Amino acid sequence: MPMKKPRILLIGAGRFGIKHLETLIGLGEKGVLVVAGVVVRTVTEEQRLKKKYRLPIYHALDPPLLDGVDAVDIATPPNTHFSLVSQCLPRVNVFVEKPLASTVHETAMLKKRAAESPHILMVGHIFRFNPTIIRLRKLLRSIKERPSSVQIEFINPAATDTGRDVELEMLHPFDMLDYVFDAMPTRKNVDDKGRMHVVSLVYKRGIHALLKIGWSGKEKKRIVTLQFPSKTMVCDLEKNAIHIYKNGSVAERIDCSDPMSPLEAELRTFVRAMRSKKVEYPDADVGHRIVRVATMGRKSVSGAPTKRKVAIIGGGIFGTNCAIELAPYCDVTIFEKNGDIFSEASKINQYRHHWGYHYPRSQKTVDDIFSAINEFEQRYAKAIIRKFPTYYSVAKKGSKVGADAYLNFCDRNNLPYVIEYPSENFLNREKTDVCIKTFEPIYDYKKLKRITEQLLKRSKATLRRNTEVLDARILPSGQKVIRVRKDGAVHEEQFDSVINATYARYNNFCKWLGFPRKPLRLDLVEVLWVKLNIPRISLAVMDGKFTNIVPTHDDGVFTLVHIKESVLRRFVPKDGLVPKNIFLSAKRSRAKKIIDRSMEWFPFLKNLKLLRIHYVLRGVNAYREHDDARTSDVTEHGFGCFSILGGKIINSVSVAKEITRLIT
């Protein structure tokens, strides 16, 4: 068309239509276009606009009006888009707010008409003009690395909910993924939580996307998180910034601010597209494709709702607490491959009721503990043993934290202590720089287990002992099928949701279902149970390859672990899986070396009696040696599947409550 200023007519002046009008007027003042007027539905709207704007206001969209303009900007409710585009496209160029139309059938018809029309049809997928999304797309193309998973939170405050279709109204995340990855999803599953939907998508090349979209709470959220094997990208679309994290720390911050608003950039593109066919813009094909994704996999709901069936794999402290929390709302089954609950990591443990002293290099772990302690103690108060001394000392040599830094850490976190040493028989003072005394408790394992058994029985959750989960798969319907073996017989069962609480074998679950695997460091640890004729006392040397001894519920019985010598094997498996022969490394005990090295710090150990040796396989987040973080992670994979990587026993109740919120 000639290089004249296009005359653009705005159709609709509601909440978002006014934003269009203000932007169009601004572009008119800059000489980009001419605002030809506004079409509204009522006299009230006409009077409201005439008080503020000196523009022609129309009630009817008739052919003569369209013949006097070059283009229309449609900013009306979605259910009007099909008829308005159909009416306008034969005569003028059309910009229409998303979605292109309300159904796939309608968008397909408009796509066909656009292909046959001499005019352009542009759809208002505004996040293609968001500076942060544009920068993200360029970043991904420059590094040529695909993320294993993407999570998008696109949430509006509940007070702004107008009752429209969640996925059609909130289809921006579908468009972002389409724009960034240039791909259609191969699978989709929707967990309908009323005005909030959790949408799971699978793309080619193994990319999983989890979208949380809808109306909830008071806060507006626009966060895109991309997980790579060695880093994490977090895009805040409200603050126009990208943070790149490596090993848990911010490695780079990219400011994506742009003085031009995305709406202005979008409408400028519309004007350019009218003049040149070479301009890239979201056309009818894009609009049709995004509505297809937003509406795919929809199911008709009939009959009364039934209780959601939930499977929990693993009967440790985390799995059992999930069952206790979920049982009032769901039909819960725990699958435990051993003969009883608390048979592995929850049993072969040092039962320290952490207050935070152990993690001076990971404030996040300390915060994790603080946030969890009240809920845990409300449930397990009777299983906590108090009123005995605990000593934390800092080594003079080889410590990753100095004496002053350790004391500052305790002060900063309001951790109570006095600077005091035990008798020289207990601690070698020549090797330590400072020692503090506190009263950090421990757990009574027997009471911990008994309380859990009572709560499980009361909850009516089903516990399947001696039942091993062999694998799992997801049906096209979204149901999860798990294959289990009991007494040599194998059978299958179906569930709505599945929780993976298998600790070190976390990635087996991910392998079965094709979810991205978490980089895990596996530690095979030798724990010595020793007898000493002394009262309860706990001793730990911070923060390096030293040692610690912790009392148990039995008088005179302690667990002894040397931070270096007790670790028989430490590695990050390439496939994330536990090797079948992992416990072969435990055939040669290092008990003598553990005791000898520990005795250098704790002289009283010369009188110990070795009672037994236990081996525990520990799974922790890989590449965290710099801060030794031990937070508890909940991963929502999508498709109604969740995984827990437990950090500390103290987090088990708060994690269970979090998963219950996510499911119910």
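**Exercise 1.** Describe how helix α1 packs against helix α9.

*Solution.* 
Step 1: locate the helices. α1 covers residues 15–29, and α9 covers residues 262–275. Helices here are DSSP runs (H or I, at least four residues), numbered from the N terminus.

Step 2: take the geometry. The axes are 10 Å apart, at an angle of about 65°. Axes are lines fitted to C-alpha atoms over the stretch in contact, and angles run from 0 to 180 degrees between N-to-C directions.

Step 3: The crossing of α1 with α9 is right-handed, meaning that the near helix is turned clockwise from the far one by less than a right angle.

Step 4: list the contact (heavy atoms within 4.5 Å). α1 supplies K19, H20, T23, L24 and L27, and α9 supplies L263, E264, L267 and R268. Four of these residues are nonpolar, two polar and three charged. Ala, Val, Leu, Ile, Met, Phe, Trp, Tyr, Cys and Pro count as nonpolar; Asp, Glu, Lys and Arg as charged; the others, Gly among them, as polar.

The model is predicted: local features need pLDDT of at least 70, side-chain atom pairs count only at pLDDT 80 or more, and totals for chains, interfaces and linings use all residues. Residues are numbered from 1 along each chain as its sequence is written, and side-chain values use heavy atoms, with hydrogens and water left out.

**Exercise 2.** Classify the crossing of α11 and α17.

*Solution.* 
Step 1: α11 spans residues 317–326 and α17 residues 652–663. Their axes come within 8 Å and cross at roughly 50°.

Step 2: apply the cut-offs. Under 35 degrees is roughly parallel, over 145 roughly antiparallel, 65 to 115 roughly perpendicular, and the rest oblique. The pair is therefore oblique. The crossing is right-handed.

Step 3: identify the contact. From α11 come I317, F318, N321, C322, E325 and L326; from α17 come S652, V653, V655, A656, K657, I659, T660 and I663. Nine of the residues are nonpolar, three polar and two charged.

**Exercise 3.** Which residues touch the most other members of the largest nonpolar core?

*Solution.* 
Step 1: define the core. It is a set of buried Ala, Val, Leu, Ile, Met, Phe, Trp, Tyr and Cys residues joined through side-chain atoms within 4.5 Å. Buried means under 20% relative accessible area, exposed over 50%, partly exposed in between (1.4 Å probe, protein chains only).

Step 2: read off the members. The core has 72 residues; V38, V150, F174, L177 and L226 touch the most others. Helix α9 gives the largest share, seven residues.

Step 3: note the other core. It lies apart, with 65 residues, including I348 and V567.

**Exercise 4.** Is R275 buried or partly exposed?

*Solution.* 
R275 lies in helix α9. Its relative accessibility is 30%, so R275 counts as partly exposed.

Note on methods:
Helices (H or I, at least four residues) and strands (E, at least two) are DSSP runs, numbered from the N terminus.
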